[in-house]
Amino acid sequence: MINYGVLADRINGLVQAGIPARKRLARNGIDPAAFYESVKAHVEEEAEKANAELRKRGLSTIERIFIPSFLGKLSLTFGTALLCTVELNGSKGRVRAVIFGPPNRDEISRKDFFLIPEALALQYSPTDEPQKAAVGYSPDRIAAEIVSGLLTGKFA
């Protein structure tokens, strides 16, 4: 005899997996655009805190730059060598930070901050190479990770 309850649960799981992350985020009460704006504001606050300490020691500071090819992304530099971009991918439910550096603007480090645990589970298959990811971080914690990662040149 077939247990239709188990089949219905299985189908429901497949349907949930097929729903885009932005719909799951809305269902969980998270607005990705508002979350990203909060992250940007916290990054600017963290950069100011870091710059105060860097100035005391006579070091280069973190600057926000506006690059036309990076429209919609938050772009920061540390000195002349490191560039960090922070962008929202609302359809995948993540904020991604990438550090580029010498030579030739190569990617040095990347970290994904997923807004909900389900987005992380659906993002990577077991065969993918390991990547740095975090789930459920608050905007201020994401900002602290981004600024400290830019200063050290890599994400922890």
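Predicted model: local features only at pLDDT ≥ 70, side-chain atom pairs only at ≥ 80, totals over all residues.

Tutor: Residues are numbered from 1 along each chain as its sequence is written, and side-chain values use heavy atoms, with hydrogens and water left out.

Student: What span does helix 3 reach from its first C-alpha to its last?

Tutor: Helices (H or I, at least four residues) and strands (E, at least two) are DSSP runs, numbered from the N terminus. The expected span of a helix is 1.5 Å times one less than its number of residues. Helix 3, residues 32-56, has 25 residues and reaches 36 Å, close to the 36 Å expected. Just after helix 3, glycine 58 takes a positive phi of about 70°.

Student: Which residues of helix 3 are buried?

Tutor: Buried means under 20% relative accessible area, exposed over 50%, and partly exposed in between, with a 1.4 Å probe and protein chains only. Among the buried residues of helix 3 are Phe35, Tyr36, Val39, Lys40 and Val43. An α-helix has 3.6 residues a turn, so residues three or four places apart point the same way.

Student: Is aspartate 112 buried or exposed?

Tutor: Aspartate 112, in strand 5 (residues 106-114), is buried, because its relative accessible area is 0%. Aspartate 112 lies 5.8 Å from valine 95, C-alpha to C-alpha, although they are 17 residues apart in sequence.

Student: Where is threonine 77 found?

Tutor: Threonine 77 is found in strand 2 (residues 74-78), and its relative accessible area of 16% makes it buried.
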